[in-house]
Amino acid sequence: MRPYRTFTVVPSLPPGLTPLSELAYNLWWSWNLDVVDLFRRLDRDLWEETGHNPVLLLGKISQERLEEMAHDEGFVAQMMRVYQGLNRYMSSGETWFQKERAADHGDLQIAYFSAEYGITEAMPMYSGGLGILAGDHLKSASDLGIPLVGVGLLYQKGYFRQYLNADGWQQESYPVNDFYNMPIQLVRGNDGAPVTVEVDYPGRKVVAQVWRAQVGRTPLYLLDTNLEVNRPEDQDITDELYGGDLDMRIRQEILLGIGGMRALKALGIEATVYHMNEGHSAFLALERVRMTMREKGLSFPEARELVAASNIFTTHTPVPAGIDLFPPHLMDYYFGSYYPQLGLSREQFLQLGRPPDGGDGQFSMAILAIRLADTVNGVSRRHGQVAREMWQNLWPGTPVNEVPITSITNGIHTRSWISHDMANLLLRYLGPRWIERPEDQSVWERIDRIPDEELWRTFQQRRERLVTVARDRLEQQLARAGAAPQELAKAREVLDPDALTIGFARRFATYKRALLLFSDPDRLARMLNDPDKPVQIIFAGKAHPRDNPGKEYIRQIVHMSRREDMSHRIVFLEDYDMALARYLVQGADVWLNTPRQGLEASGTSGMKAAANGVLNVSTLDGWWCEGYSPEVGWSIGRGETYDDPNYGDRVEAQALYDILEKDVIPLFYERGSNGLPRRWIAKMKRSMRLIAPVFNTHRMVQQYAEEIYFPAARHYQQLAAEECKLAKELAAWRLRVQRRWGELRIVSVEADAQDGIPVTAQVDVTAHIYLGALGPEDVSVRAYAGSVNAEGELEEYTVVPMVPIGQDEQGNHIYRGTITLSKSGLQGYTVNVLPRHPSLKSPYIPGLTLWAS
């Protein structure tokens with residue numbers, strides 16, 4: 001039965017409670033515990049039942065209860081205090097950006113595109129770390145006052161809900177999200193009608209309406225195609241996050257990139273910087289070029305120079321298998337009519353998403369993003385190096401360390417992840433500045449002011465709460481699976497609120513090695529069941545619906561947890577989400593992370609744990625390469641890589657057992673006469689003091705602003721000035737240099753270096769270079785000098801600029817530079833030529849590099 005017409009019904013709030021609506025619709029509440037307490041006070045059970053969704057809570061609560069609370073002077077006073085806090089927050093002119101940077105960057109506007117956002121469990125539009133990071137990015141941008149808008153898709157079913165069958169095999173369900181009872185609102189135009197955009201698909205136009213989520217000061221715009229005007233298959237474009245086949249994936253990414261750009265246009269938002277959080281949104285770069293060509297009358301090369309100047313691409317993927325690839329026939333089907341709008345042939349268009357040699361013909365979204373963004377970054381120092389190695393082939397002849405991919409290490413929005421108990425403790429001893437400026441190292445230096453007794457008591461309360469939640473959830477999931485009454489009774493007794501508790505919760509990809517701890521089950525069982533020093537482990541996490549090996553890992557853990565000697569010490573909690581994540585990172589004693597070397601781009605769960613005083617045990621990968629020191633946690637191995645991964649697993653499993661048996665467990669149970677583990681508490685404090693001020697998104701977003709956003713905006717404005725004069729000049733110069741580069745030759749290289757030359761000696765290097773139709777102003781010449789390794793290659797080299805000093809009789813240009821020998825042994829040198837232009841952000845243009853040979 002279909003309705004004749006539809007309309008929306010909103011909660012009927014008594015006049016005295018009208019601020020509750022504004023509080024519910026601003027996601028500031030998701031990181032403000034006072035607001036959460038306010039809504040929980042209305043009806044604690046209903047707050048849990050509604051999944052911590054204040055809009056749904058207000059819609060379901062009885063009118064009698066609302067009238068009762070409207071006459072509760074204490075509740076009204078609390079509401080007004082919180083509401084005034086929101087108003088102060090929204091109107092404050094004292095943010096970091098406004099106080100320190102707005103004068104120089106007043107016209108800055110950043111558009112941040114992501115396929116997923118993890119802001120709160122009440123909006124299940126995330127699958128894991130990528131979305132959580134995006135949500136934390138928006139929250140910190142709001143706190144810092146940075147002018148940023150988010151763009152994404154609004155999924156009718158979001159990501160799947162996980163449940164386990166009787167055998168422990170993961171099953172998926174897809175509950176439908178009720179947008180009208182979520183903290184989002186339709187964006188309406190002046191005529192009251194919803195704002196919509198049209199996106200061209202083969203043979204039809206797809207219409208998307210725009211919803212807005214208010215994340216503090218930061219608006220997040222989400223596109224929704226579930227409209228009757230669309231075909232059924234097009235209504236499903238925004239059905240599931242990462243669901244469907246390749247055809248569905250490309251349709252979603254067209255909507256995100258191209259539709260997202262058109263949504264901003266419809267909303268009158270003209271961003272100066274566009275940030276692509278992973279390659280899913282890379283089509284925005286094409287649409288931005290197309291719009292610029294049409295609006296400014298530019299050619300594709302000219303428009304490309306202009307928009308790439310302020311396009312940012314953040315890659316989160318450390319392996320090629322994680323990149324979205326589309327076959328040529330799919331690109332032809334969806335973009336055949338788009339090629340001519342860019343003034344490109346089919347081959348020119350497809351080459352934008354292919355490596356220089358064409359690769360296997362697939363169109364890579366990551367390569368497209370790299371080609372159309374002047375700034376590319378990884379998400380940790382280690383990942384930056386991995387990304388340079390991974391994408392070196394896009395810059396043939398460029399040394400891996402000079403591939404133009406930088407890195408900004410991820411962080412967490414600290415206030416979103418700190419427990420209520422810990423937050424109050426920090427407020428008492430550190431003051432409010434840890435909330436306002438969590439990146440301030442001096443604030444966290446005060447952590448030693450917290451008495452050991454209070455910190456430990458707070459932590460014990462959190463562990464007890466985690467055990468209670470784990471028992472409740474385990475009982476519920478066993479009941480859903482049809483467990484016998486005796487199993488349900490056992491679930492109420494699992495775990496020990498006083499035992500050393502290890503947390504392992506993350507996406508169940510096989511490279512994360514959730515089974516490493518079970519390499520020697522009998523040895524593990526002895527650890528778990530030590531009568532004086534018991535250990536327990538709580539697992540949680542989802543495998544991708546099509547990742548059967550990941551699902552098998554979950555099944556094996558569930559079976560292990562049923563062993564007689566493990567059943568009371570190991571649990572797997574299903575349906576891992578942000579709410580469960582908070583309990584785990586706030587209540588575990590140890591956070592375990594075991595990815596294979598080089599496969600963890602960053603990881604942030606360990607940062608969340610550390611901010612709560614939880615100690616990390618992890619392989620040296622991702623963020624832990626920067627965060628680790630013996631003072632703050634433990635490292636499994638020293639970052640070794642193994643040709644045989646199975647051998648590496650065995651080695652690191654033994655190392656993990658040794659760390660637990662010889663270091664972690666003894667330290668935790670080493671108690672003084674007052675029962676306090678003084679040395680463990682000292683390590684907790686050092687971990688919080690050293691990790692919390694560095695690995696947070698306030699630091700991260702400020703770093704993006706200072707190192708990427710501000711320079712990108714300036715560069716864009718320079719190229720766009722005077723009717724894009726510099727962009728046109730740069731495009732013409734690039735075309736000229738590309739056409740003439742093949743004429744260049746390094747005719748000769750000479751140096752006054754002889755065998756036996758002493759360390760610290762200076763050597764003049766002279767090169768004669770034929771530039772053809774190019775001039776010295778078009779190139780930069782550099783000398784490389786360093787040790788020669790066993791493969792005959794330079795390593796640990798230094799780079800010295802060479803300057804033109806004239807021409808020889810044949811018309812070759814003469815360049816000279818001086819190198820200083822800093823080491824003994826076999827040394828070598830060479831000369832390199834790169835293009836140069838004052839408006840060029842990076843001298844590394846694919847295919848344009850010349851080496852002496």
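This note walks through a few local features of the structure above.

1. Basis. The model is predicted, with local features needing pLDDT of at least 70, side-chain atom pairs counting only at pLDDT 80 or more, and totals for chains, interfaces and linings using all residues. Residues are numbered from 1 along each chain as its sequence is written, and side-chain values use heavy atoms, leaving out hydrogens and water.

2. Strands 16 and 17. Helices (H or I, at least four residues) and strands (E, at least two) are DSSP runs, numbered from the N terminus. Strand 16 (residues 535-540) pairs with strand 17 in the parallel sense, over four bridges. Pairing requires that DSSP finds at least two bridges between the strands. Ile-570 in strand 17 is the bridge partner of Ile-537. Between the two strands the chain passes through helix 24 (residues 548-560), and this β-α-β crossover is right-handed. Right-handed means that, with the strands pointing away from the viewer, the path from the first strand over the helix to the second runs clockwise.

3. Sides of strand 17. Ile-570 and Phe-572 point one way, Val-571 and Leu-573 the other, and all are buried. Buried means under 20% relative accessible area, exposed over 50%, partly exposed in between (1.4 Å probe, protein chains only).

4. Helix 13. In helix 13 (residues 328-335) the buried residues are Leu-330, Met-331, Tyr-334 and Phe-335. They lie on the same side of the helix, because they cover an arc of only 100 degrees around the axis. That arc is taken from the directions from the helix axis to the C-beta atoms. Their packing partners include strand 6 (196-201), helix 10 (246-266) and helix 14 (346-351). Contact here means heavy atoms within 4.5 Å.

5. Aromatic pairs. Rings of Phe, Tyr and Trp (its six-membered ring) pair if their centres lie within 6.5 Å; planes under 30 degrees apart are stacked, over 60 edge-to-face, the rest tilted. The count is 36 aromatic pairs. Tyr-201 and Tyr-334 are edge-to-face, 6.3 Å centre to centre with 90 degrees between the planes. Tyr-201 lies in strand 6 and Tyr-334 in helix 13, so the pair ties together parts 133 residues apart in sequence. Both tyrosines are buried.

6. A stacked pair. The ring centres of Phe-349 and Phe-363 are 5.9 Å apart and their planes at 15 degrees, so this pair is stacked. Phe-349 is in helix 14 and Phe-363 in strand 12. Phe-349 is buried at 0% relative accessible area, and Phe-363 is buried at 1%.
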